[in-house]
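Subject: Structure for you to look at

Hello,

Here is the structure I promised to hand over. Please open it and keep it beside this email while you read my notes.

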Amino acid sequence: MSRIIAGAAGGTTLVSVPGSLTRPTTDRVKEALFSRLDAFEVIADARVLDLYAGSGSLGVESASRGAQSVDLVESDGKASEVCQRNADLVNTVARHKVVTVHRSKVDSFLDRTQDAVRWDLVFLDPPYPLDEPALAGVLAKLLPHLAEGAVVVVERSSRTPEPSWPDGMERFAERKYGETKLWFAEPSAEEGPEAEPEDIT
């Protein structure tokens, strides 16, 4: 059972996607991730995109912590319904619509996104079967929609290789939590959070 850890809706229990279709981020990893993002000062008033959203837990956590807007993208019907229920929980607390759910495949969503749209914080937690070339393609489509100083977080199995970053995007940190690996990247043409010594313990 997952919950919102902090912010306006802190402590709220989230609805989970039934079955084994999705791989939810554990509260331990989520807490460590958001502690790091808080240090980067990228959440408050951010425009957030949560791709392969699953239950939407990362996106709604961002909304609870003060993000300006959150887009959850999920193609599966049951999972997108859960996203909507969790979005409704946070939107009710916020008293206005912060979180929007898009039932769509990630590639299709990015293909039809208007050129002027930019996000400050992007989460990608793709299913394990998604291979590295497909992930690289998604990152390339995402790049033009990153705001100055944006942070991209890719969550993968610790057994998978580092993502192939497109020209114009580079990794600045990584963290390993058991079977989960988090990669942090930024647009390389702009200054982002100061790179840290790599500590993957």
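Helix α1 passes α2 in a right-handed crossing. This is a predicted model, so please read every value below as computed from it.

Two packed helices are described by the angle between their axes and the distance between the axes. For α1 and α2, the angle is about 45 degrees and the axes are 12 Å apart. That makes α1 oblique to α2. On the α1 side, the contact is made by Lys30, Leu33 and Phe34. On the α2 side, it is made by Ser57, Leu58, Glu61 and Ser62. The residues of this contact divide into 3 nonpolar, 2 polar and 2 charged.

Is Ser57 buried or exposed? Ser57 is buried because its relative accessible area is 6%, and the cut-off for buried is under 20%. Ser57 belongs to helix α2, which covers residues 57-64. Leaving aside residues up to four places away in sequence, Ser57 touches Ser2, Leu14 and Lys30.

Helix α2 also packs against helix α3, residues 77-94. Here the angle is about 5 degrees, and the axes are 10 Å apart. The two helices are therefore roughly parallel to each other. Val60, Ala63 and Ser64 of α2 meet Asn86, Ala87 and Val90 of α3. This contact has 4 nonpolar residues, 2 polar and no charged.

Next, the aromatic rings. How many aromatic pairs are there? The count comes to 5. One of them is Phe40 with Phe184. This pair is edge-to-face, with 6.1 Å centre to centre and 85 degrees between the planes. Phe40 lies in helix α1 (residues 27-40) and Phe184 in strand β7 (residues 180-187), so the pair ties together parts that are 144 residues apart in sequence. Phe40 and Phe184 are both buried.

Another pair is Phe109 with Trp119. This pair is tilted, with 6.0 Å centre to centre and 35 degrees between the planes. Phe109 sits in helix α4 (residues 106-112) and Trp119 in strand β4 (residues 119-124). They are 10 residues apart. Both Phe109 and Trp119 are buried. There is also an aromatic cluster, formed by Phe40, Phe172 and Phe184.

Now some single residues. Start with Lys141, in helix α5 (residues 132-142). Lys141 is partly exposed, with a relative accessible area of 31%. Lys141 touches Asp107, Leu110 and Asp111, if residues up to four places away in sequence are not counted. Lys141 and Arg118 are 23 residues apart in sequence. Their C-alpha atoms are 12 Å apart in space.

Pro166 is in the loop between β5 (146-157) and β6 (169-177). Pro166 is buried, at 14% relative accessible area. Again without residues up to four places away in sequence, Pro166 touches Leu139, Ala140 and Leu143. Pro166 and Ala46 are 120 residues apart in sequence, and 23 Å apart from C-alpha to C-alpha.

Asp115 is in the loop between α4 and β4. Is Asp115 buried or exposed? Asp115 is exposed, because its relative accessible area is 66%, and the cut-off for exposed is over 50%. His145 is 30 residues from Asp115 along the chain. The C-alpha atoms of these two residues are separated by 7.2 Å.

Last, check the backbone. Most residues other than glycine have a negative phi. Which residues have a positive phi without being glycine? Glu41 is one of them, with phi near 55 degrees. Glu41 is found in the loop between α1 and β1 (47-51). At 72% relative accessibility, Glu41 counts as exposed. Arg95 also has a positive phi, of about 65 degrees. Arg95 lies in the loop between α3 and β3 (99-103). Arg95 counts as exposed too, at 79% relative accessibility.

Best wishes

Definitions and conventions:
Residues are numbered from 1 along each chain as its sequence is written. This is a predicted model: local features need pLDDT of at least 70, side-chain atom pairs count only at pLDDT 80 or more; totals for chains, interfaces and linings use all residues. Side-chain values use heavy atoms; hydrogens and water are left out. Helices (H or I, at least four residues) and strands (E, at least two) are DSSP runs, numbered from the N terminus. Buried means under 20% relative accessible area, exposed over 50%, partly exposed in between (1.4 Å probe, protein chains only). Contact means heavy atoms within 4.5 Å. Rings of Phe, Tyr and Trp (its six-membered ring) pair if their centres lie within 6.5 Å; planes under 30 degrees apart count as stacked, over 60 as edge-to-face and the rest as tilted. Axes are lines fitted to C-alpha atoms, for helices over the stretch in contact, and angles run from 0 to 180 degrees between N-to-C directions. Angles under 35 degrees count as roughly parallel, over 145 as roughly antiparallel, 65 to 115 as roughly perpendicular and the rest as oblique. A crossing is left-handed if the near helix is turned anticlockwise from the far one by less than a right angle, and right-handed if clockwise. Ala, Val, Leu, Ile, Met, Phe, Trp, Tyr, Cys and Pro count as nonpolar, Asp, Glu, Lys and Arg as charged, and the others, Gly among them, as polar.
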